[in-house]
Amino acid sequence: MNKKHRFVLGFSIVAVLLIYLALTSGVVANNYEISQAVAAKQNLTDKVINVNGSLVVGTDKWDPLNRTLTFKMTDGISTIDVIYTGDKPNIPPDYTYVQVVATGQFDNNVFRSYKMLTKCPSEYEGAEKVSNKS
């Protein structure tokens with residue numbers, strides 16, 4: 001077998017594996033605002049999605065023993081209960097606004113999340129102020 005045939009064979013195997021992983025992983029998630037997700041909840045059962053919104057101030061409770069964070073999330077129109085399981089996200093203790101993207105799926109009226117991304121504007125404001133001084 002010459003180099004060209006080995007390259008084509010190797011490339012074909014990698015391509016088939018990547019396609020297989022994309023089709024079977026279920027990781028391809030759609031992005032929804034909370035009100036959209038709530039409206040489409042019946043059609044989203046058993047589907048992994050991303051839900052975008054903000055953490056409702058004062059509703060977050062961290063359970064270190066079970067590595068679980070429970071909180072309410074809103075987009076200003078609708079509010080949902082979220083149970084996130086994983087490493088503790090970076091949420092400042094004195095926050096006033098935290099933007100959240102949670103990945104998971106609905107379990108009745110609760111959104112169960114296994115991946116969570118937070119953005120706190122106050123963290124970035126300090127970085128901008130420092131960089132503006134230089």
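Contact here means heavy atoms within 4.5 Å. The model is predicted, and residues are numbered from 1 along each chain.

**Stop 1: threonine 118**

Select threonine 118, which lies in strand E7, residues 110-119. Show its surroundings: leaving aside residues up to four places away in sequence, threonine 118 touches Pro89, Asn90, Ile91, Val98, Gln99 and Val100. Now look at the side chain of threonine 118, which reaches the backbone oxygen of asparagine 90 at 3.2 Å. Is threonine 118 buried or exposed? Its relative accessibility is 18%, and buried means under 20%, so threonine 118 counts as buried.

**Stop 2: the salt bridges**

Next, turn to charged side chains. Side chains of opposite charge can pair when their charged atoms come close. The structure holds 3 salt bridges.

Select arginine 67 and aspartate 87. These two form a salt bridge, with the closest N and O atoms 3.2 Å apart. Which parts of the chain does the pair tie together? Arginine 67 sits in the loop between strand E3 (61-63) and strand E4 (68-74), and aspartate 87 in the loop between strand E5 (79-85) and strand E6 (99-107), so the pair links parts that are 20 residues apart in sequence. Aspartate 87 is exposed, at 57% relative accessible area, whereas arginine 67 counts as partly exposed, at 40%.

Move to lysine 72 and aspartate 81. The closest N and O atoms of this salt bridge are 2.5 Å apart. On the aspartate 81 side the relative accessible area is 33%, which is partly exposed; lysine 72, with 34%, is partly exposed.

Then select aspartate 107 and arginine 112. Their salt bridge has its closest N and O atoms 2.9 Å apart. Aspartate 107 is partly exposed, with a relative accessible area of 35%, and arginine 112 counts as partly exposed at 40% relative accessibility.

**Stop 3: the patch at Phe7**

Finally, go to helix H1, residues 3-24, where phenylalanine 7 has its place. Select Phe7, Val8 and Phe11 together and display the surface. What do these residues form? They make a nonpolar patch on the surface, and together they have about 350 Å² of accessible area. Within this selection, colour phenylalanine 7 separately: its relative accessibility is 59%. Exposed means over 50%, so phenylalanine 7 counts as exposed.

Key:
Predicted model: local features only at pLDDT ≥ 70, side-chain atom pairs only at ≥ 80, totals over all residues. Heavy atoms only, no water. Patch = residues over 30% accessible without salt bridge, like charges linked within 9 Å, V, L, I, M, F, W, Y side chains within 5 Å. Areas by Shrake-Rupley, 256 points an atom, 1.4 Å probe, with all protein chains shown as cover. Salt bridge = Lys/Arg side-chain N within 4 Å of Asp/Glu carboxyl O. Helix = DSSP H or I, 4+ residues; strand = E, 2+ residues; numbered from the N terminus. Buried < 20%, exposed > 50% of the residue type's maximum accessible area, 1.4 Å probe, protein only. Polar contact = N/O pair within 3.5 Å; in protein donor to acceptor, adjacent residues only side chain to side chain.
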